[in-house]
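I opened this notebook to keep track of what I looked up in the structure. The entries follow the order in which I went through it.

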Amino acid sequence: MSEKVAIFDTTLRDGEQSPGASLNIHEKVEIARQLEKLNLDVIEAGFPVSSSVQFEAVERVAGEVSGTIASLARAVEKDVKVAYDAVKGAERFRIHTFLGTSDVHLKGKFSDNRYGMSLKEKRETILKMGCDAVAYAKTFTDDVEFSPEDAGRTDTTFLCEIIEAAITAGATTVNIPDTTGYTMPDEFGRKIAQLKKRVPNIDDAVISAHCHDDLGLAVANSLSAVMNGARQVECTINGIGERAGNASLEEIVMALKVRRDFWDFHTDIRTEEIFNTSVMVSSFTGMIVQPNKAIVGENAFAHESGIHQDGVLKLKETYEIMTPESVGVPDSKIVLGRHSGRHGLQARLKQLGYSTTKENLDHIYEDFLILADKKKEVFDDDLRVLMGDEVSKQDEPYNLEYLNVMLGTSAIPTATVRLKTNDKIVEESATGDGPVDACFNAIDRALETKSHIESYQVRSITSGRQAQGEVLVRVRKGDLSFVGKGFSTDIIEASAIAYLRALGEQYVMTEKREFLEMAATP
Ligand code: KIV
Ligand code: ZN
């Protein structure tokens with residue numbers, strides 16, 4: 001009889017911690033709605049104490065998306081309370097509390113003598129902190145998850161002790177994170193087996209695996225954990241996450257599904273929603289999926305060599321172990337154009353996973369017609385850009401009303417911009433080394449600012465001459481950086497929009513919203 005493995009998605013929390021991925025609240029909610037379609041067991045929506053934006057995002061996801069929503073908290077009272085306040089509106093919710101348990105963490109994060117002088121004393125202190133946090137979380141909900149951070153490098157005997165104590169304190173899920181992606185599959189599997197064997201109350205909680213991909217082993221380690229008793233896996237769409245990322249959801253789920261003969265485990269995931277979710281996450285985060293990525297990469301179902309093509313034509317299974325349809329890869333590309341109607345557009349958007357309302361459809365259709373005028377053929381990728389743009393541009397403090405750039409082989413590039421900011425219209429011109437530099441200088445003048453541009457990237461979204469360009473601009477202020485994305489068939493315009501959005505994000509985060517104070521430890 002096949003056993004279920006619960007899938008805990010942390011794209012909106014650990015995934016969003018990926019260098020370069022930064023999502024605004026509207027983008028998070030849109031992704032959460034798509035995650036809901038996957039039929040996940042748990043969606044971790046964020047780490048509310050880390051900023052008021054994170055708090056608001058968890059609150060919105062909890063209020064608008066059904067299922068179990070998890071909210072992350074360090075093992076301190078204030079975090080747990082804030083995690084609860086953010087998530088309490090959910091249909092069902094989980095509080096997930098964590099603290100470092102490896103000797104490296106004890107010597108680093110907990111080096112202060114108030115945690116104890118010796119390693120032994122420090123272990124006693126953090127065991128109590130973890131249990132207190134679990135017990136406190138338990139006053140808000142029965143569904144409490146405890147994570148001993150860096151469990152992969154934690155002494156197994158101490159890991160057994162703290163897991164036993166956390167379960168006694170009320171943890172219903174005990175998550176074993178390989179935080180630094182250090183372990184080998186066999187080693188990680190043995191760690192889970194040891195917990196099963198040595199923790200007397202282990203059957204009162206679900207064991208979970210949370211693996212990072214620093215050595216490219218996150219999926220293998222997660223599957224090894226399942227083999228040895230884990231019944232929840234934590235993962236992200238496209239494997240995004242801290243540093244090299246987390247275990248990829250699509251790989252875990254499809255490995256369990258395709259090789260059910262081998263594992264005899266199942267998940268409740270609607271695998272046909274995988275592809276749309278992957279594309280949405282990639283487009284909102286700006287993190288491109290490598291073409292040869294398993295399951296969702298552009299080449300995952302492409303057969304290049306003659307021998308392979310011939311084999312597949314004769315019998316698909318010759319070189320295909322799963323069908324593209326099983327993960328929602330469309331078998332044909334539908335092309336829309338300026339004569340396509342509102343209903344046709346709405347239906348296609350729905351197939352791509354986007355929800356429209358009567359109110360925003362009018363607006364989207366107008367933008368679609370402008371795009372269809374510029375490009376003769378509008379592909380799925382164009383529609384995704386259009387929808388991504390609709391979501392990204394909500395609540396923007398700065399808007400580009402007008403842009404004019406003059407350039408030529410012997411002229412100094414000069415840009416003029418007209419911006420709408422807080423109901424004020426400002427217009428400025430400036431020169432620069434090139435057209436993009438001139439635009440940025442004109443914007444700086446208009447907003448009376450000077451920003452440090454950390455990175456600037458351009459890529460084309462669709463192919464051909466009229467392809468839409470996507471520009472990603474990252475600006476830095478102090479130790480924080482802010483990302484803006486812009487799309488247009490004109491990359492100078494896309495650059496101006498992206499820069500304005502990055503500055504808008506900086507404004508919203510630093511001027512309008514107060515950061516909740518993060519304690520230095522734990
Ligand atoms: O990698 C990690 O240890 C984490 C914990 C917060 C679960 O993300
Ligand atoms: Zn993690």
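**Entry 1: salt bridges.** I started with the term itself: a salt bridge is a side-chain nitrogen of Lys or Arg within 4 Å of a carboxyl oxygen of Asp or Glu. Side chains of opposite charge can pair when their charged atoms come close. I noted that the model is a predicted one. My search of the whole structure gave 40 salt bridges.

I looked up Glu396 and Arg501, whose side chains form a salt bridge at 2.3 Å, N to O. This pair links distant parts of the chain, 105 residues apart. Glu396 sits in the loop between helix H15 (380–392) and strand E11 (398–408), and Arg501 is in helix H17 (residues 491–512).

Glu454 belongs to strand E14 and Arg476 to strand E15 (residues 469–477), so the pair ties together parts that are 22 residues apart in sequence. I found Glu454 partly exposed, at 33% relative accessibility. Arg476 is partly exposed too, at 30%.

Then I took a pair within one helix. Glu124 forms a salt bridge with Lys120, with 3.2 Å between the closest N and O atoms. How far apart are Glu124 and Lys120 in helix H5? They are 4 residues apart in that helix (residues 119–138), which means a separation of about one helical turn. Glu124 is partly exposed, with a relative accessible area of 45%. Lys120 has 60% and is exposed, because exposed means over 50%.

I also noted a network of salt bridges that links Glu30, Arg33, Arg60 and Glu64.

**Entry 2: ligand 1.** I listed what surrounds ligand 1: Arg13, Asp14, His96, Phe98, Ser147, Glu149, Asn175, Pro177, Thr179, His210 and His212. By class I counted 2 nonpolar, 6 polar and 3 charged residues in this shell. Strand E5 (92–100), strand E6 (144–149) and strand E7 (173–178) each supply at least two residues of the shell.

I wrote down three distances from polar side-chain atoms to an oxygen atom of ligand 1. For Thr179 the distance is 2.6 Å. For Arg13 I have 2.9 Å. For His210 the value is 3.1 Å. How much of ligand 1 does the protein bury? Taken alone ligand 1 exposes 260 Å², and the protein buries 95% of that.

**Entry 3: Asn238.** I looked for Asn238 and found it in the loop between strand E9 (232–235) and helix H9 (249–258). Is Asn238 buried or exposed? Asn238 has a relative accessible area of 11% and counts as buried, because buried means under 20%. I also found a polar contact of 2.8 Å between the side chains of Asn238 and Ser278.

**Entry 4: a nonpolar patch.** Which strand gives the largest share of the patch? Strand E14 (residues 452–460) does, with 3 residues. I looked at Val458, which is placed in strand E14. Val458 is partly exposed, with a relative accessible area of 41%. Strand E14 had already come up in my notes as the place of Glu454.

Conventions: Residues numbered from 1 in each chain as written. Chains lettered and ligands numbered in written order. Predicted model: local features only at pLDDT ≥ 70, side-chain atom pairs only at ≥ 80, totals over all residues. Heavy atoms only, no water. Buried < 20%, exposed > 50% of the residue type's maximum accessible area, 1.4 Å probe, protein only. Near = heavy atom within 4 Å. Polar contact = N/O pair within 3.5 Å; in protein donor to acceptor, adjacent residues only side chain to side chain. Areas by Shrake-Rupley, 256 points an atom, 1.4 Å probe, with all protein chains shown as cover. Nonpolar A, V, L, I, M, F, W, Y, C, P; charged D, E, K, R; others polar.
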